[in-house]
Amino acid sequence: MPLEKSDEQLKRYFSIGEVAERFGVKASLIRYWEGEFDFLKPHKNAKGDRRFTRKNIEQLELIYHLVKERGFTLDGAKQEISKNKKQHQERAQVSARLREVKKRLEGIREQL
């Protein structure tokens with residue numbers, strides 16, 4: 001029997017609210033990071049609403065990992081990203097997967 005993809009796996013774009021909720025931060029912090037990190041460029045619709053792709057979310061995972069989990073300053077995170085981008089992307093992806101597992105486990109615990 002084939003596995004069904006969830007709605008989130010099928011989505012192409014995510015709103016800033018969805019992204020902020022995913023990381024447990026305020027939307028204003030996401031907007032601030034967008035201004036600080038040149039490589040983070042979400043799409044904008046005609047109204048100017050930000051639409052984040054999966055690639056944008058991966059970029060945010062890297063920023064979140066360095067700034068929130070490892071305690072880097074923004075300047076330090078920028079330097080670290082330019083030096084070791086691939087290594088940090090892999091770590092950020094692992095960190096994001098672990099957050100998802102934690103979220104699912106907490107959901108299961110609430111159901112019990």
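Before we look at how two helices pack, here's what the angle means: axes are lines fitted to C-alpha atoms, and angles run from 0 to 180 degrees between N-to-C directions. Keep in mind that this is a predicted model.

**How H2 and H3 pack**
- Helix H2 (residues 16-23) packs against helix H3 (residues 27-36) at about 100°, and their axes are 8 Å apart.
- That angle makes H2 roughly perpendicular to H3, because 65 to 115 degrees counts as roughly perpendicular.
- On the H2 side, the contact uses Ile16, Val19 and Ala20, which meet Ala27, Ile30 and Arg31 in H3.
- Sorted by class, this contact of H2 with H3 has five nonpolar residues, one charged and no polar ones.

**A closer look at H2**
- Ile16, Val19, Ala20 and Phe23 are the buried residues of H2.
- Looking down the axis of H2, you'd find its buried residues within an arc of 100°, so they line one face of the helix.
- Just after H2 comes Gly24, with a positive phi of about 70°.

**Salt bridges**
- The structure has eight salt bridges.
- One of them joins the side chains of Lys11 and Glu18 (2.4 Å, N to O); Lys11 is partly exposed at 29% relative accessible area, and Glu18 is partly exposed at 34%.
- Another pairs Asp49 with Lys47 (3.7 Å, N to O); here Asp49 is partly exposed at 30%, while Lys47 is exposed at 71%.
- Asp75 and Lys78 also form a salt bridge (4.0 Å, N to O), and both sit in helix H5 (residues 74-111), three residues apart, or about one turn of the helix.
- Glu34, Lys44 and Arg50 are linked in a salt-bridge network.

Terms used
Residues are numbered from 1 along each chain as its sequence is written. This is a predicted model: local features need pLDDT of at least 70, side-chain atom pairs count only at pLDDT 80 or more; totals for chains, interfaces and linings use all residues. Side-chain values use heavy atoms; hydrogens and water are left out. Helices (H or I, at least four residues) and strands (E, at least two) are DSSP runs, numbered from the N terminus. Angles under 35 degrees count as roughly parallel, over 145 as roughly antiparallel, 65 to 115 as roughly perpendicular and the rest as oblique. Contact means heavy atoms within 4.5 Å. Ala, Val, Leu, Ile, Met, Phe, Trp, Tyr, Cys and Pro count as nonpolar, Asp, Glu, Lys and Arg as charged, and the others, Gly among them, as polar. Buried means under 20% relative accessible area, exposed over 50%, partly exposed in between (1.4 Å probe, protein chains only). The arc is that of the directions from the helix axis to the C-beta atoms.
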